[in-house]
Amino acid sequence: MKLRPTAALGILALCATLAAPSVPVSAAGDTILFGSPVSLTGSLTKEGHLTQEGYELWKNYVNAHGGIKVGGKTYKVDIKYYDDESKNDTSAQLAERLIDQDHVNFLLGPYGSGTSFTVAQIAERKKIPMVEGNGAAEKIFNQGFRYTFGVLSPAKRYLEGILQMTKAQKPPAQTVAITAASDAFSQEVAQGAAAWAAANGMKVVYNNKYPDTATDVSSIISALKQTNPDVILNAGHLQDALLVQKGLKEQNVIARAYGYSVGPDTPDFASSLGKDANDVFGGAQWSDAVKYKGAPGFYHTAPEYAKAIDNAYHHRADYHNAESTAACLAFQYAIQKAGSLDPEKVRDALAKLDVTTFYGIIKFDSRGINLYKPMVVNQIQNGRLTTVWPAFTADGKPKYPAPPWGQR
Amino acid sequence: MHLVLQDLANGILAGGILAVVALGFSLVWGIMNIINLAHGAFVMLGAYLTYQLFASFHVDPFLSLPISFVVLFTAGYLLQRYLINWVVRAPILTTFLLTFGLSLLFVNIALIVWTGDQRGVTTAYAGANFTLAGVTIPWVKLYTLLAALVITGVMHLWLTRSKTGRAIRATSMDIGAAQLSGVRVAHIYSIVYGLGAGLAGVAGTLISMSYAINPNMGEPFLIKAFVVCVLGGLGSVQGALVGGLVYGIVEAFATQIDLYIGTQHISGSGLQDAIALAVLLIVLIVRPTGIMGKATA
């Protein structure tokens, strides 16, 4: 069948009409519209969903409690999502679409450093503030961007706490082996850990990377095993953390401590590995044991927040949830302070923000990253995630050294 | 020396799995000229099926091998018979798009059914290992390799000795002549696609024991299957096996490249994909039909 040009044009026009967004729910009404491209499919699906839960919990809380007061008028909030398929370029395209077609007021970050980096460029070009809670690579914040703010501690801190903790134990750990995925975030995590170890008298005996798409890491583990390290660290994401942990057991690699940047904090780690997940350490942005007292306007404490997540999503609150909610809170307090929805004024209020929440302090340095909140170290003890470091926020003692495989 | 032997073992163990992944992909491509982009999704479905049987009914993953095969074979047969056969003679781009669409469909169905959570099949004997001459070998991976060898052996015998196997090879050589000899091409095509899906399902079962299970897990395996079957030679059982083993061993040894030039870290494991593709390139220059492939007219 051949279409006449006019008919084809007609069909195209019809499609365009159907595809055009409905009247945008913008602040012209009484709703503040946020937009977020987020990994609802692709390799970071799980983390993407946790991010979305964090956003939704905040949205529902705010709307149930009347909304956000901006200069005498109260606004409800709404969030428009698109699935970026965990792809950096797609995330940026969708951010552009959120701004140009959906006319969102502000951007909430995608999941991951790669996507946050590409979306930050769009935010910068369009001069729309973005607060993100899931891109910890400092690469994002070293570009001189003015419109991107990150509520998390930077990537290089992820594994520092585990090294500090193992060095304070008896006998103190002296050697460390590091494996890392090749993405920007994981590489920064690995570099940060290696730098900390070197500066604090620990020896890095192995440091190597593998591609994000690796389906087998057994040869890396064989090489690592030969160096006989006290501490084994992995900088990566949940999927490779599982692969590495299984591989360590398969080759019977024995160390005093095993630590991951991402993995143990997500319930999937323990549910996938069973007993083999026990005694593993994870660096975390937050845990439900942290002891902060938050400002009015949202759940004040970590346990209250954790209960709300459990009620809404029926699982234990994960730090990905908390940091995503914290990104929303940064907007909430900044918008109230600015007394305006003007992107420029809200940006300035974000730059000056200094507020304590259930998640910790939210305050940005001149680059837009939050250097003011410490990381915590969690350990899976008998299947349950326990915060063990730093001592002032811990709800348990670290189990160290780890028992051999088969006795966990 | 230990490390060399250990890497060789690691490479062979990983290669065995890749061979099974590539086998089904290679048959479908070689016999029907369909580059089956849904192959990775079938691997994923096989892994989920294994997971579900393990989690709900405590079925040992090795016992679910035949179940994965039968379920995925049936699904593949029906898909080819009632969907793909409509466009099988169309230019390759059409089947390319159709199988890509199917892949998206399956991945998203899995996302709805099992969500994006990472799942694992961790048996009581997971991680058990033995050491032989300083080389540590995990039992699960050894059994997986043996299963892979048995499966490729059975496939080879079936294709060369059975009546249906001969009909399949005849169809791939000359459709017209095969039809004149009474071969029902639509049926044969469906069997081949079913076999491809069934073998992917089996591969998924084997992979489920060492790799995290999630809706997108098939993607890296699809890409590797592509390389392995071109490396080994299209449409041949031995080709998939040899290609898989070569790929696995190359990847394992690539890890040993680990040096610094100034501050620049040259990491062979970081570059393992690039190294594997470079080997593919060299093989294609020396033997354009792949290691085991035969030149066709």
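The model is predicted: local features need pLDDT of at least 70, side-chain atom pairs count only at pLDDT 80 or more, and totals for chains, interfaces and linings use all residues. Residues are numbered from 1 along each chain as its sequence is written, with chains lettered from A and ligands numbered from 1 in the order in which they are written.

**Stop 1: Ile79(A).** Select Ile79(A), in strand β3 (residues 73-83) of chain A. Strands here are DSSP runs of E, at least two residues, and helices are runs of H or I, at least four, numbered from the N terminus. Ile79(A) is partly exposed because it has 19 C-beta neighbours inside 10 Å; 20 or more would be buried and 12 or fewer exposed, with C-beta atoms placed from the backbone.

**Stop 2: the partners of β3(A).** Strands pair if DSSP finds at least two bridges between them. Show β1(A), residues 31-38: eight bridges join it, parallel, to β3(A). Leu33(A) faces Asp78(A) there. Next, β2(A), residues 68-70, runs antiparallel to β3(A), with three bridges. Lys69(A) sits opposite Thr74(A). Two residues separate the strands of this hairpin, and Gly71(A) has a positive phi near 50 degrees.

**Stop 3: α2(B).** Select residues 39-57 of chain B, helix α2. Of its 19 residues, 14 are buried, so the rest of the structure largely encloses α2(B). His58(B) follows, with a positive phi near 55 degrees.

Conventions:
The expected span of a helix is 1.5 Å times one less than its number of residues.
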